[in-house]
Amino acid sequence: MEDNLKHPADEKKVKFRANAVSSKKETRVWTLSITVITFFISIFMSFFSNETLGNATTVVSFLIVFVIIIISILFDLIGTAATAADEAPFHSMASRKLYGAKQAVMLIRNADKVSNFCNDVVGDICGVISGTAAAFIVYKFSGGGTDAQNSIFGLSITAMVASLTVGGKALGKSIALQNSNYIIYKVAVVIKFLFGKINFKKKKKWNNKKKTR
């Protein structure tokens, strides 16, 4: 232990400036919106996976589970990169009108929302659906063996899905922290390509105020 470290005389008086985040109104709107969006995304993905797995072979079933896991890892990587990226370089790029620079600034300024959508919404939904899909595979293909064999098969599939998800996200977070700016720029380029032709212009609010003498 180092004895020469100093502590504040009154630690309760030490104040830290709050980070710049969305206003309370924006937070409430975002929370309500993302809850509704999550509900419908979850229904769609669950329906799609169940319908696809219902008539799929063993190989296709495993491929579907792997695709869901990869989607979860990729979105977790993007969400982590958004919180770690530095906004300053993209301002210089935006001033030179480089493709996707403005979208990159938008992503970083809304890092809390990007992280919430990518890590929580998509990540958690994919986690639930991959678990459900794994259970469906176990139920579908474990009827031919003994109880012990079926138990081992079920545990193996569950452990495989969990380990691939956790290990993949751990690797993805490491990559995201090391290459956050690069990842965000590539995501911004994709967003620019997909939605670049759509102009999101805020309507000006004209307040007609009576002149007082």
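## How H2 and H6 run

Helices H2 (residues 58-84) and H6 (residues 147-178) pack at an angle of about 30 degrees, so they are roughly parallel to each other (angles under 35 degrees count as such). Their axes lie 8 Å apart. The crossing is right-handed, meaning the near helix is turned clockwise from the far one by less than a right angle.

This is a predicted model: local features need pLDDT of at least 70, side-chain atom pairs count only at pLDDT 80 or more, and totals for chains, interfaces and linings use all residues. Numbering starts from 1 along each chain as its sequence is written, and side-chain values use heavy atoms, with hydrogens and water left out.

## Where H2 meets H6

Contact means heavy atoms within 4.5 Å. On H2, the residues that meet H6 include Phe-62, Phe-66, Ile-69 and Asp-76. Their partners in H6 include Met-160, Leu-164, Gly-168 and Lys-173. By class, this contact has 15 nonpolar, 5 polar and 3 charged residues.

## Ser-115 in H5

Ser-115 lies in helix H5 (residues 111-141). Is Ser-115 buried or exposed? Ser-115 is buried, with a relative accessible area of 19%; the cut-off for buried is under 20% (1.4 Å probe, protein chains only). Leaving aside residues up to four places away in sequence, Ser-115 touches Gly-79, Thr-83 and Asp-120.

## The buried side of H4

Helix H4 spans residues 101-109. Among its buried residues are Ala-101, Gln-103, Val-105 and Leu-107. The buried residues of H4 pack against H2, H3 (88-95), H5 and H7 (180-195).

Note on methods:
Axes fitted to C-alpha atoms, helices over the stretch in contact; angles between N-to-C directions. Helix = DSSP H or I, 4+ residues; strand = E, 2+ residues; numbered from the N terminus. Parallel < 35°, antiparallel > 145°, perpendicular 65-115°, else oblique. Nonpolar A, V, L, I, M, F, W, Y, C, P; charged D, E, K, R; others polar. Buried < 20%, exposed > 50% of the residue type's maximum accessible area, 1.4 Å probe, protein only.
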